[in-house]
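Please read the following report alongside the sequence and the coordinates.

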Amino acid sequence: NQIKLSSPTYNQFVQEIEGQQSHLAVAYHFPFINTLQGRVHMQMLNAIFGGVSNSLLFMEIREAQGLAYSIYSSSDFSRSLLVVFAAVDGEKIEHVINEVNHQMVLLRNKVTDLDFLKEIKFTLISEHIQSRDYQDTELYLQINQFLQPTFPTAIEAYQEYIEGVQAKDLLELIDHLQAITSFILIGGDSNA
């Protein structure tokens, strides 16, 4: 259940759109992960980078520097991509891209902050418990049980994997991330 990428070389695509706001997507490739433990490690790395409200991208780029209206990251396991999405002022796109790459460098320090790692673990476990109430999550769970029948589905198993994540596991993932593509949609009223 993996969609293969044709080339790991970096490309940037730019297109003008109507509207004032510009949008940015930066994709980082990671090696194919087909174990639950590996996916939990990647989920943890994504949470630290941009997947939760106290992540590097949100706290540094949006809150501290005010460079984006919104910014977050998401992991796509079928394509082996960690993707950063941002809504920005068109004049700030290059600055935001540079800052996203800078935060990727700083990610190495953040994953070794044991207090922050503990906070992220608690956040992910809480979100997982809360999400079990949603029907679409249950459907996703059933699909995953079909596609990955060896993956345990109990909350306790997931919690055990989350709690077992170590900084070294995340540092190893960071070593394999490679920026491959940026998509930039420039708002028509932007000066970029």
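The sections below describe the strands and then several side-chain and loop features.

## Basis of the description

This is a predicted model, in which local features need pLDDT of at least 70 and side-chain atom pairs count only at pLDDT 80 or more, whereas totals for chains, interfaces and linings use all residues. Residues are numbered from 1 along each chain as its sequence is written, and side-chain values use heavy atoms, with hydrogens and water left out.

## Strand pairing

Helices (H or I, at least four residues) and strands (E, at least two) are DSSP runs, numbered from the N terminus, and two strands are taken to pair if DSSP finds at least two bridges between them. Strand S4 (residues 81-88) runs antiparallel to strand S2 (residues 22-29), to which eight bridges join it, and it also runs antiparallel to strand S3 (residues 70-76), with seven bridges. Within these pairings, Ala87 of S4 stands opposite His23 and also opposite Ser70. Seven of the eight residues of S4 are buried, so this strand is largely enclosed by the rest of the structure; here buried means under 20% relative accessible area, exposed over 50%, and partly exposed in between, with a 1.4 Å probe and protein chains only.

Strand S5 is joined to S2 by seven bridges in an antiparallel arrangement, and in S5 the bridge partner of His23 is Leu185. S5 is also joined to S1 by seven bridges, but these two strands run parallel, with Gln12 standing opposite Ser182 in S5.

## Loops at the two ends of S4

The hairpin of S3 and S4 has four residues between the strands, and Ser80 lies in this loop. Most residues other than glycine have a negative phi. Ser80, however, has a positive phi near 55°, and this residue is buried, with a relative accessible area of 0%.

Gly90 is found in the loop between S4 and helix H3 (93-111), where it is buried at a relative accessible area of 5%. Gly90 and Gln20 are 70 residues apart in sequence, yet their C-alpha atoms are 8.0 Å apart in space.

## Aromatic contacts

The structure holds four aromatic pairs, where rings of Phe, Tyr and Trp (its six-membered ring) pair if their centres lie within 6.5 Å, and planes under 30 degrees apart count as stacked, over 60 as edge-to-face and the rest as tilted. One of them is formed by Phe13 and Phe183, whose ring centres are 5.2 Å apart and whose planes are at 15°, so the pair is stacked. Phe13 lies in strand S1 (residues 11-17) and Phe183 in strand S5 (residues 178-187), so the pair ties together parts that are 170 residues apart in sequence. Phe13 is partly exposed at 42% relative accessibility, and Phe183 is partly exposed at 45%.

A further ring contact involves a charge: Lys110 lies over the face of Phe116, at 4.3 Å from the ring centre, the criterion being that NZ of Lys or CZ of Arg is within 6 Å of the ring centre and within 35 degrees of the ring normal.

## A nonpolar surface patch

Ile143, Phe146 and Leu147 form a nonpolar patch on the surface, with about 330 Å² of accessible area together. Patches are made of residues with over 30% relative accessible area and no salt bridge, like charges being joined within 9 Å and nonpolar side chains (Val, Leu, Ile, Met, Phe, Trp, Tyr) within 5 Å; a salt bridge is a side-chain nitrogen of Lys or Arg within 4 Å of a carboxyl oxygen of Asp or Glu. Accessible areas come from the Shrake-Rupley method with a 1.4 Å probe, and for residues only the protein chains shown count as cover. Leu147 is found in helix H5 (residues 135-147) and counts as partly exposed at 40% relative accessibility.
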